[in-house]
Amino acid sequence: MFIEQEKQLIEKNYIDNCNDNLLSFFHKDDKTVQVNVIKQNSKYKVSFPMSNNTIHYATYFNEKQKAKEYLDFIIKSHL
């Protein structure tokens with residue numbers, strides 16, 4: 001579960017996207033600005049907005065804990 005990351009996103013005006021992803025939130029002012037975590041082929045894919053929200057970047061992790069740590073960094077430093 002990504003409870004701590006969900007709390008952080010809510011504090012930054014993101015809203016739960018209510019789908020089957022492990023984590024999926026969009027910004028309250030723009031639904032195209034999304035943060036997602038999915039499990040894909042035994043890896044954790046973390047995607048988030050970059051470049052003034054014009055593109056999304058994605059990266060993969062073998063371990064759930066590494067994905068959480070990376071997402072913490074992104075939330076605190078880039079969102």
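K68 lies over the face of F2, at 5.5 Å from the ring centre. The model is predicted, and K68 is also one of the buried residues of helix α2.

**Helix α2**

- Helix α2 comprises 15 residues and reaches 20 Å from its first C-alpha to its last, close to the 21 Å expected at 1.5 Å a residue.
- The buried residues of α2 are A67, K68, L71, D72, I74 and I75. Seen down the axis of α2, these buried residues fall within an arc of 165 degrees, so they line one face of the helix.
- An α-helix has 3.6 residues a turn, so residues three or four places apart point the same way.
- Exposed residues K76 and H78 are carried on the face of α2 that is turned away from its buried side.
- The packing partners of the buried α2 residues are α1, β2, β3, β4 and β5.

**Helix α1**

- In helix α1 (residues 3-11), Q5, Q8 and L9 are buried. Viewed down the axis of α1, the buried residues fall within an arc of 100 degrees, so they line one face of the helix.
- The face of α1 turned away from the buried side carries I10 and E11, both exposed.
- After α1 comes N13, which has a positive phi, near 70 degrees.

**Aromatic residues**

- The count of aromatic pairs comes to three. In the pair of F48 and Y70, the ring centres are 6.1 Å apart and the planes stand at 55 degrees, so the pair is tilted; edge-to-face would require an angle over 60 degrees.
- This pair links distant parts of the chain, with F48 in strand β4 (residues 43-50) and Y70 in helix α2, 22 residues apart.
- F48 counts as buried, because its relative accessibility is 4% and the cut-off for burial is under 20%.
- Y70, at 22% relative accessibility, counts as partly exposed.
- One aromatic cluster is formed by F48, Y57, F61 and Y70.

- β3 and β4 run antiparallel and are joined by five bridges. Within this pairing, I38 stands opposite K45 in β4.
- The hairpin of β3 and β4 has two residues between the strands, and N41 in the turn has a positive phi of about 50 degrees.
- β4 and β5 also run antiparallel, and seven bridges join them. Here K45 stands opposite Y60 in β5.

**T59 in strand β5**

- T59 lies in strand β5 (residues 55-61). With a relative accessible area of 19%, T59 is buried, because burial means under 20%.
- Setting aside neighbours within four places in sequence, T59 is in contact with Y44, K45, V46 and Y70.
- Among these contacts, Y70 is also a member of the aromatic cluster with F48, Y57 and F61.

Methods. Residues numbered from 1 in each chain as written. Predicted model: local features only at pLDDT ≥ 70, side-chain atom pairs only at ≥ 80, totals over all residues. Heavy atoms only, no water. Buried < 20%, exposed > 50% of the residue type's maximum accessible area, 1.4 Å probe, protein only. Helix = DSSP H or I, 4+ residues; strand = E, 2+ residues; numbered from the N terminus. Arc of directions from axis to C-beta. Contact = heavy atoms within 4.5 Å. Phe/Tyr/Trp six-rings, centres within 6.5 Å; stacked < 30°, edge-to-face > 60°. Lys NZ or Arg CZ within 6 Å of the ring centre and 35° of its normal. Expected span 1.5 Å × (residues − 1). Pairing = 2+ DSSP bridges.
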